[in-house]
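Here is a note for a colleague who is opening this entry for the first time. Please read the points alongside the sequence and the 3D view.

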Amino acid sequence: MASNKTLLMLPGDGIGPEVCDEVRKVVDWMDKRRAVTFDIKEDKVGGAAYDAYGTPLTDDAMDKAQNADAVLFGAVGGPQYDNLGWDARPEAGLLRLRKEMDLFANLRPAVTFDALLEASTLKPEVVQGLDIMIVRELTAGVYFGEPRGMQMWEGKERCIDTQSYTRDEIVRVAEVAFDLARKRNKRVASAEKANVMKTGVFWRQTVAEVHKDGGYDDIELSNVLADNCAMQLVRNPKQFDVIVTDNLFGDLLSDVAAMLTGSLGMLPSASLGAVDEFGRRKALYEPVHGSAPDIAGQGKANPMAMLLSFAMALRYSFDLGDDADLVEQAAQAVLSTGKRTLDIMSAGCEAISTSQMGDAVIAELDKRAA
Ligand SMILES: NC(=O)c1ccc[n+]([C@@H]2O[C@H](COP(=O)([O-])OP(=O)(O)OC[C@H]3O[C@@H](n4cnc5c(N)ncnc54)[C@H](O)[C@@H]3O)[C@@H](O)[C@H]2O)c1
Ligand SMILES: CC(C)[C@H](C(=O)O)[C@@H](O)C(=O)O
Ligand SMILES: [Mg+2]
């Protein structure tokens, strides 16, 4: 029977294909055990697409992404591509997907599993029970602002990147953050640099207006300078519920948050567009980590961030919240049995490979569905 659940897989480079292989196991399991069939398409992105086609994302792949119900993205990049021209870089493929699909809201949840308390570099009491959501603006700011690049200025070479935000770009991501907070602990911290950046002042004012005029008086809003936010995340992360922030600060703060959970290999993400008139939204799901060239091809990658990103796809794109819960519970159960990839290894635990971790998740899913 034809499925209306189209899933585009873009494994990419480095450990991207390795962690995507583990998601394929769960997709197959869903088909067999839950009668949920996905119409899977696959294409190349990043360095893999550059090697095959001379571009990090073909128009054909872009079209497939625009028409999929969800895109599952592995990772892109690698040292062999670092000196390519600007638009040929693997990262340019990812930025094009985000921009052209208008995926402005990037949800990066940092949740600490009890089994991994020892894997964090922080004291267990600081991270135990942590559940925060970073909402990163993803299609504007310094990543896309113009002008950018080299120019001559007063007879000297200089290079410019431009931080730029329109009111609408701030309003829509602030609304996502407030709406999410309403279903959580009703607190939003907005992080910017209003002390030194004009865009920071505008961001702060606009978020306050959305809070006041958007009917969000049940949500507590606080402002935090982004540098202080980074420090507070390490000092006392549980003070936060939802953090909303711009593209660049969101990139940095989510890597910090990743280490609270034990490893960058644990942090999933969902990049969402606006809800259209039919109630659908474009979406791309990807781990927060990159292509990890240092461990690629060795079976060492932790597939959890990718698997948990797929769980987010089940929840946000396919209205399969129960199945999302199941995948998350299975992931947690595997870690509770002491199985570990090297990034989250602790004394007394069993070291396993990427693919063994995927198999262990399937075994737990089987137990739960039995
Ligand atoms: N979304 C993406 O595709 C994405 C994100 C970040 C970086 N990158 C790209 O990846 C390349 C490498 O960047 P980087 O080294 O700064 O960041 P990275 O996230 O690839 O790796 C940072 C460190 O974390 C480890 N790590 C990351 N994911 C892991 C996992 N799943 N399991 C175990 N360990 C893991 C790596 O081994 C490495 O030591 C660069 O080309 C960068 O542009 C891509
Ligand atoms: C690969 C790169 C373009 C990307 C970013 O900077 O947004 C990555 O670091 C991320 O966190 O998704
Ligand atoms: Mg990043």
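1. The protein chain splits into domain 1 (1–104 + 273–370) and domain 2 (110–264). These bounds come from an automatic or database domain assignment. Taken over C-alpha atoms, the domain centres lie 23 Å apart. The contact takes 16 residues from domain 1 and 19 residues from domain 2. Two residues are in contact if their C-beta atoms, placed from the backbone, lie within 7 Å.

2. On the side of domain 1 that touches domain 2, helix 4 and helix 11 are the elements that give two or more residues. That side divides into 7 nonpolar, 5 polar and 4 charged residues. Here Ala, Val, Leu, Ile, Met, Phe, Trp, Tyr, Cys and Pro count as nonpolar, Asp, Glu, Lys and Arg as charged, and the others, Gly among them, as polar.

3. A word on the basis. This is a predicted model, in which local features need pLDDT of at least 70, side-chain atom pairs count only at pLDDT 80 or more, and totals for chains, interfaces and linings use all residues. Residues are numbered from 1 along each chain as its sequence is written, while chains are lettered from A and ligands numbered from 1 in the order in which they are written.

4. UniProt, in an unreviewed entry, places "domain: Isopropylmalate dehydrogenase-like" at residues 6–361. Such annotations may be inferred rather than shown by experiment. Over residues 6–361 the chain is 40% helix and 21% strand. Helices (H or I, at least four residues) and strands (E, at least two) are DSSP runs, numbered from the N terminus.

5. Which residues come nearest to ligand 1? Of the 21 around it, they are Gly77, Gly265, His289, Gly290 and Asn302. Near means that the C-beta atom, placed from the backbone, lies within 6 Å. The shell around ligand 1 holds 10 nonpolar, 7 polar and 4 charged residues.

6. Around ligand 2 are Glu91, Leu94, Leu95, Asp251, Val288 and Gly290. Helix 4 (residues 90–100) gives the most to this shell, with 3 residues. By type, the shell around ligand 2 has 3 nonpolar, 1 polar and 2 charged.

7. Look at helix 10 next. Of its 13 residues, 11 are buried, so helix 10 is largely enclosed by the rest of the structure. Buried means 20 or more other C-beta atoms within 10 Å of the residue's own, all placed from the backbone. Among the buried residues are Met304, Phe310 and Leu314. Their cover includes helix 1 (16–34), strand 3 (70–75) and helix 12 (354–369).

How values were computed
A residue is buried if 20 or more other C-beta atoms lie within 10 Å of its own, exposed if 12 or fewer, and partly exposed in between; C-beta atoms are placed from the backbone.
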